[in-house]
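Here is a friendly note to read alongside the model. Keep the 3D view open and turn it as you go through the points.

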Amino acid sequence: EFTYLLNYGMVEWSEVKSLFEQRPANVHLVITGRSDNQQLIEAADLVTEMKEIKHPYQAGIKAMKGIEF
């Protein structure tokens, strides 16, 4: 969940921007987490927003090893 590092100021945008700019053409960056960081969204080639519709936790089923952790 890398976006939290940006959101909480643990990593500066300038460092992330440099990583985007300096990566080799054959290297893909996959950055996960919730973020409304416009700079990150603009720098990315693909941005996906996922929305939970249904989760077993809502039915009282606890997190399972190998799935949630």
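1. A word on the source. What you see is a predicted model, so please read each value as something computed from predicted coordinates.

2. Secondary structure. Going along the sequence, the pattern reads α-α-α. Two of these helices come up again below: helix H2, which covers residues 13-22, and helix H3, which covers 38-43.

3. Overall shape. How does the radius of gyration of the chain compare with the globule rule? The chain has a value of 16 Å, while the rule gives 11 Å for 69 residues; the chain is well over that figure, so it is more spread out than a compact globule. Along the principal axes, the C-alpha atoms fill a box of roughly 45 × 30 × 20 Å.

4. Of the 69 residues, 12% count as buried. The chain exposes about 6,400 Å², and carbon and sulfur atoms supply 55% of that area.

5. Contacts along the sequence. Take the contacts between residues at least 6 apart in sequence: 51% of them join residues at least 24 apart.

6. Charges. The chain carries 7 positive and 10 negative side chains. The centres of these two sets lie 11 Å apart. As background, side chains of opposite charge can pair when their charged atoms come close. In this model, the count comes to 2 salt bridges, and each has its own point below.

7. The pair within a helix. Glu21 forms a salt bridge with Lys17, and their closest N and O atoms are 4.0 Å apart. Why are these two separated by about one helical turn? Because they are 4 residues apart in helix H2.

8. With 28% relative accessibility, Arg23 counts as partly exposed; Asp45, with 75%, counts as exposed.

Terms used:
Residues are numbered from 1 along each chain as its sequence is written. This is a predicted model: local features need pLDDT of at least 70, side-chain atom pairs count only at pLDDT 80 or more; totals for chains, interfaces and linings use all residues. Side-chain values use heavy atoms; hydrogens and water are left out. The radius of gyration is taken over C-alpha atoms; the globule rule is 2.2 Å times the number of residues to the power 0.38. Buried means under 20% relative accessible area, exposed over 50%, partly exposed in between (1.4 Å probe, protein chains only). Contact means heavy atoms within 4.5 Å. Accessible areas come from the Shrake-Rupley method with a 1.4 Å probe; for residues, only the protein chains shown count as cover. Lys and Arg count as positive and Asp and Glu as negative; His and the chain ends are not counted. The place of a charge is taken as NZ of Lys, CZ of Arg, CG of Asp or CD of Glu. A salt bridge is a side-chain nitrogen of Lys or Arg within 4 Å of a carboxyl oxygen of Asp or Glu.
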